[in-house]
Every structure is written in C-alpha cells, then in structure tokens.
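I want to look up how the chains are built, what sits inside them and how they touch.

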Amino acid sequence: MQHVALTSFDKERCKPFFDRLTEYFHQHHHSEEQDAVSYEELLYRIRRPYTPQMLDMIDEWMGLERRDWREDAQREVLLSLYAIRYPDTLLIESLTEKARSDIRRLSAYLHFTHHTYSIWDEDSRKGLGRLGIEIPDTEHADPFVYGAYVTAIELLKDVAPFTCFLEHDVPRQRLFQAALAAYGREA
Amino acid sequence: MAETEVVESYPTNFEAWIQEFNEWQTRIGFDPSWLGDYRFDIKFDWDTAGGEIEFGDFLGMPKWERRMQIPQQNIRDAIVSMVNVQGDTEFASVEQQNHLLASAPTEYDRKSALRIMCEEQRHGWQMAYLLCAFFGEQGVREAAKLLERNAQDGTRILGSFNEPIDHWLDFFMFTHFIDRDGKYQLKMLSTSSFKPLAASMGPMLKEESFHLGTGANGLRRVVKQGVIPCALIQKYVNKWASTGLDLFGTDDSSSAQWAYVYGIKGRYDEREAAVEADREHLNEASRELYFQELRGEMKRISKVRKEGEPDLHIPSDKFRRGIGKYAGEMYTVEGEPFEGSQGEYEAYLASVLPSEEEEEQLVNEYMQQEWIQYREWKGD
C-alpha cells in the first residue's frame, strides 16, 4: 500500500494545495468545530503517565461518544501508547477488536501522545485522494491502511515547499492533516 | 605556529574542511555523540529556486548555476560575502547556546534546543559547501574562517551573535527575535540570482520555522506560567527587540541596493510584492515588515499572561538602536526623544533593561521554581 502510494505520487498535482496550505489549515484548525484553543491545551495536558481521564479529554475534543471498553482493553491501549514507536503501526493489530474498531479514536490517542502520528479524518483522506494518493476507506484501525495514511502525510511534509512551514504553532502532522481536511471538503 | 603556517594550512577542499569542522565541534564543547543519527546532509530545493533571475538589472536572464556564469567579479564577491555572513551566524549560534543543554528546564526544551543546534550546524555546513564547491580557493578560505571566528571571543561578524546567552529566557528571546530575523534573511536569499544559493534556502527555511516557533512558544509558556513577572520579561524584550532590528543593516544601504541590482538578494516579499522595490530603502522595508510581525507576535504572547500582569509589547523601533538613522540617539521605549543628559539617559536605560541584580534574581530565584509551563517531547 505504502509502496503504491509513493510510486504514484505526482508532485505537480500538489501545487494548488501547497500554494494555499496555510489558508486551508486556518479554515479547518481554527474553525469553531475544531476548537484550536482546546487542541493546544491537550498538547500540554496529555503527558506521561497516561490515564483513562486523558483519553476522556481527547474523546471530548474529538466529539466522540464515551468509550464502551472493558477495563483490560483500555489498559491494553494505554500500554500500547508507551510501546509504539513512530512509524510503526503494526502494533495496532495486536489490540482487541473493540479498540481496533474505531480508527478515529485510536489515531487521536496516538496523535496526542506521539505528535508524529496523524488523526484519521475522512475529509483528510479525501484530500489525499485529490492529490492522487488513494487511501482506502476503513472503519477499522487496519495497520496497513493507517500506515499508508500516516506515511502519505509524512511524504507531503517532505516535498512541500518552505512557504508551507513559515509560521505555525501546531505539530507539522497536524498542520498538514488539518489542511488536507479543508482541501478534501472543498472537492 | 607562525602566521604564514596558519594561512598555508587552510583546508584545500570541502572534505578537508569537514576535518576542521570536527575539530571545531570539540573546541566549542559540542559532543558529536549528541547528534545521534542526525547527518549533515547538503539539501537543495531546485524547484522553488526558479530558473530566471527575478529582479534587478539581470531580470529575466537564466539564473547562474556556476561561478563562471556570474558576469562580474564584484558580483561573485558580493555572493561570497552573503554566504559568508549567513554561515557565520549559523556556527555562532551553536557557540552561544550549547552550554544551555545542561540546564534545560524540561526534556522537551533540551531536545528542541539540540535539534536547533544540529540544524544550525547543518545550515553552516551547507554554506561552507557552497563556498568550497562553487568559489574555488577564495571560497575554501572563507569557509575555513567560518570556524575560526568565535562568539565567545566576540569575533563573529554580527553583533547579536557575539552576545552571551546566559540562560533559557535569553535562549527563547534569541530564537524568537534573532531566528525570526534569520527567517527574513533566508527568504530574501531564496529568490537569489545565484541558483545554488536560492536552492539552499528552501530546506533551511523549513528547518528555521521550528527554531523561531520554539522561541515564540517558549515565551508563551513562560508568560502563561506566571512565575517570572511580566515587568521583568519586558526588560528582556526591550533588550532583544532592538538587537533584532539592527540586524537588518543600515538605512539607505548601498550594499543592499547593489545586491538588489545584481539580483542576489531580494525583498522579503519579493515574489508576492505588487509594487516596484524602492531600491534606496530596501533594508528599511524589510525591517518594517519584521517590526510589524514582532508586534503581532508579542500581542499573542501577551494574551496568555496572568490577571494583573502588565501587557507585554515591542518597544519603539527608535529605542536603543545601534544601526540606522536612530543609531546612538536618545529615545525612550515609547519612541519619544529623551529629555536629559547622556548620564540621565544611561540611568534610564538601566531602568528599562535587565540589571545584574535582576539577572541574578531571574536565575537564582525565579528559575529555581516551576518557571515554564511543562511540555512533553513527542516528536514533530
């Protein structure tokens, strides 16, 4: 999957996106729905040792329903947040079905504990599609699909011109993921 | 060693220069093991460099890719001088800052500072490569000098890069004010008629954005925490803002004008600008953009201060200037002419800049507490 995404990459096609990246980022990240102030708070408040309350805070910011997980599933996820090392995504496969079944939630936990992982977002996925990087839709945290999504955003970071980076106060994965979300919605 | 031997032993190419660089790291106390798996790569972004000269008297002609394509020796000299100054600042900042790693307030700050130092060294490395690869013996000689001048000895080319950075508040001020100036200088060179120089700027600017972000973010965390009084922070703002403004050079600068005529250094907003450049006031125009940016950023930083704390603001661009039309003039932080003698002005300056006692209090009292909002390192 990652191999296909990278070999079919067309930098020219990204130009309109890169040209307006800052604008797209502001459109999404600073929208009322995204609540940029609370996002920034979470950058500081999510820290080791991780607790279920921290996961609650992330859920709340994401606008997700309360987790309906057994205690051992929750513990397993918390432990995985310590064990995982970017860019590994295979660890996700070892989680129980209940935890794996919600990729958005899991990706947000990964993002706030390791900024190098990106939040899974349908609009961002569509944004990547507009750039010629087709990532399959999924309800589950499939390590290969999520890995391709994260890698594609990493690739964009690498090839983007410096004008995309001049001023931002969020991790770069968030900068690109948020911009992609606005770009995907525009389609 | 005799003086002639020093000159004779100058490195002969970039590979030899790398040996000198390794010795420089040891000399300044930067342990190479701190680099981990970081490598000093030469990076070019040829796409953003552009193919045609974008401004000046050679407008529309192909950008120069090699030394011999540069039409005049004085233009070559001007390019060497620009690369030299840029490289000088990169190595200087590492000399100024590396001692701070041992006293970082958090692991996040230590790793951020280390990343900055690695990237500054890479920028210096890139500039040395340009000198060695494109400018023959003259370039190799200048590259060697990049490692000879030293911030601690006060021999770096620009004043700000000889200033001691004694503690972490100064570090955040430096990265906020001086690295922000760096962003301006790099962007002004990103449209250069000398293509390898222009192509070097893209990757450097990507990295530089993290540096000034570390400064702005660090200051916000300090202000938010509320342990160091804003009145004291303001004094450091007064100190560093004027230093940053001076880095843009003299008013009515003829060298800036020539650099524009040659197409080697443009305006900060060269590609976006809708109007012709005022060639006689290029430094003033860039400085004004920088000044307005500083004011906007300081408003953001000030917003998070605790209730009852005074507002933080950027002093007037006339205050405590060492370069330009206000150089050496007596102005208040508000930009009003100071009414009084030179001695009274010295006393006034002492009241609006950090004193030795306050510096002592900062380090031994405030910085002994939880003086900065905690942040965990999570990569970026």
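I count helices (H or I, at least four residues) and strands (E, at least two) as DSSP runs, numbered from the N terminus. I keep in mind that this is a predicted model, where local features need pLDDT of at least 70, side-chain atom pairs count only at pLDDT 80 or more, and totals for chains, interfaces and linings use all residues. Residues are numbered from 1 along each chain as its sequence is written, with chains lettered from A and ligands numbered from 1 in the order in which they are written.

Entry on the fold. I find 11 helices and 0 strands in chain A. I also looked up its extent: the C-alpha atoms of chain A fill a box of roughly 50 × 35 × 25 Å along the principal axes.

Entry on burial. I call a residue buried if 20 or more other C-beta atoms, placed from the backbone, lie within 10 Å of its own. By that count, 36% of the 187 residues of chain A are buried.

Entry on the core. A nonpolar core is a set of buried Ala, Val, Leu, Ile, Met, Phe, Trp, Tyr and Cys residues joined through C-beta atoms within 7 Å. The largest one holds 130 residues, and Ala152(A) and Ile79(B) are among those with the most contacts inside it. Helix α5 (residues 107-134) of chain B gives the most to this core, 12 residues.

Entry on contacts. Two residues are in contact if their C-beta atoms, placed from the backbone, lie within 7 Å. Leaving out residues up to four places away in sequence, I see Ile79(B) touch Ile70(B), Phe194(B), Leu197(B) and Ile264(B). Where the chains meet, chain A brings 17 residues and chain B brings 15 residues.

Notes
A residue is buried if 20 or more other C-beta atoms lie within 10 Å of its own, exposed if 12 or fewer, and partly exposed in between; C-beta atoms are placed from the backbone.
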